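Thanks for making the time, everyone.

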Amino acid sequence: MKGYYEFETHWKIAADISSYELARYKSGADLIPDDVVSLVDIGCGNGGFLASIERQIGRDIKLQGFERSASAISNKLCKTEIVKGDIDRLDFGNQKVDLVSCLAVLEHLPEALEASLIGKMIDLTSKYILIDVPYKERRVRVACPSCGCRFDPHLHLRSYAISDIEKRFPAFKVKKKLVLSGPESLLTILIRFFRIEVSASLGGPKICPQCGTNSKEVLDSAEVGNRGERYDARLKSLLKKIQPKFILKREVFLLLEKI
Ligand SMILES: C[S@@+](CC[C@H](N)C(=O)[O-])C[C@H]1O[C@@H](n2cnc3c(N)ncnc32)[C@H](O)[C@@H]1O
Ligand SMILES: [Zn+2]
């Protein structure tokens with residue numbers, strides 16, 4: 001089954017980086033301490049964060065990316081080399097780097113894989129770990145139009161408070177913390193708050209983790225879908241116009257330093 005991050009469309013959309021994502025990468029790069037001269041970014045996607053470091057940091061840093069999705073790598077935005085591989089087979093041997101970064105990845109991993117990745121990051125770093133995770137997020141549940149599986153549209157398996165991170169990295173102290181906020185519509189806030197279940201075919205493309213159905217492809221392929229899509233687009237643009245927006249906390253960057 002083709003996973004969420006294997007779809008070419010995902011990375012084609014991501015190549016047109018939104019101002020939110022650009023600001024996210026820039027904020028992450030700003031947290032890199034001056035004494036860092038080597039860095040590995042795990043689950044680097046299309047290398048958006050690495051590209052930001054390349055642009056932003058004047059001094060020479062030896063950079064490397066690690067990513068599972070061939071499609072992300074073939075749409076890469078950075079000059080840095082991205083090594084292809086799965087996190088469960090991650091093996092850096094005795095290699096050490098000053099900083100290991102891992103942005104928007106931990107929340108996607110089942111518990112055992114998350115714990116194993118954290119162990120490997122701890123082994124790989126000589127000093128710092130930089131992570132970015134959803135901050136106290138109230139997840140949404142959408143229903144797959146094909147198999148009925150319910151899932152979070154961003155495939156988040158969990159969210160984190162600062163104490164959750166501290167528990168996972170007991171030999172590290174939080175050196176810097178940065179919470180990022182972004183606009184949320186009233187409708188999304190209500191959906192999150194009351195955990196209202198909606199169809200995956202509403203809104204942007206969503207890929208079911210169970211059967212791999214891409215909700216937008218379902219819409220494109222069926223006549224009824226085309227009507228549905230037009231209705232969906234009209235509804236979306238109307239809602240965009242009339243809905244008030246609120247700025248809410250979304251995610252947190254934590255720079256951890258070995259004690
Ligand atoms: C939300 S994206 C974040 C990408 C990038 N770090 C960023 O912040 O833009 C999650 C990334 O983790 C990668 N990923 C998820 N599970 C993985 C695994 N088991 N092995 C390697 N990479 C994985 C996905 O392919 C995807 O690129
Ligand atoms: Zn499904």
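Let me begin with strand E4, residues 97-103, which is mostly covered, six of its seven residues being buried; please keep in mind throughout that this is a predicted model. On one hand E4 pairs with strand E1, residues 38-42, in the parallel sense over three bridges, and there Leu 39 has Leu 99 of E4 as its bridge partner. E4 also pairs with strand E5, residues 125-134, again in the parallel sense, over six bridges, and in that pairing the bridge partner of Leu 99 is Tyr 128. To get from E4 to E5 the chain passes through helix H5, residues 111-124, and this β-α-β crossover is right-handed.

Elsewhere in the chain, three strands form an open sheet in the order E7-E6-E9, with mixed pairing. Strands E7 (150-151) and E9 (198-199) stand at its edges with a single partner strand each, so one side of each is left without a neighbour in the sheet. E6, residues 142-143, pairs with E7 in the antiparallel sense over two bridges, and Ala 143 stands opposite Arg 150 in E7.

Turning to the chain as a whole, its secondary structure comes to nine helices and ten strands, and buried residues make up 28% of its 259 residues.

Finally, what surrounds ligand 1? The shell has 16 residues, the closest being Tyr 5, Gly 43, Gly 45, Arg 68 and Ile 87, and it divides into eight nonpolar, five polar and three charged residues.

Terms used. Residues are numbered from 1 along each chain as its sequence is written. Chains are lettered from A and ligands numbered from 1 in the order in which they are written. This is a predicted model: local features need pLDDT of at least 70, side-chain atom pairs count only at pLDDT 80 or more; totals for chains, interfaces and linings use all residues. A residue is near a molecule or strand if its C-beta atom, placed from the backbone, lies within 6 Å of it. Ala, Val, Leu, Ile, Met, Phe, Trp, Tyr, Cys and Pro count as nonpolar, Asp, Glu, Lys and Arg as charged, and the others, Gly among them, as polar. Two strands pair if DSSP finds at least two bridges between them. Helices (H or I, at least four residues) and strands (E, at least two) are DSSP runs, numbered from the N terminus. A residue is buried if 20 or more other C-beta atoms lie within 10 Å of its own, exposed if 12 or fewer, and partly exposed in between; C-beta atoms are placed from the backbone. A crossover is right-handed if, with the strands pointing away from the viewer, the path from the first strand over the helix to the second runs clockwise.
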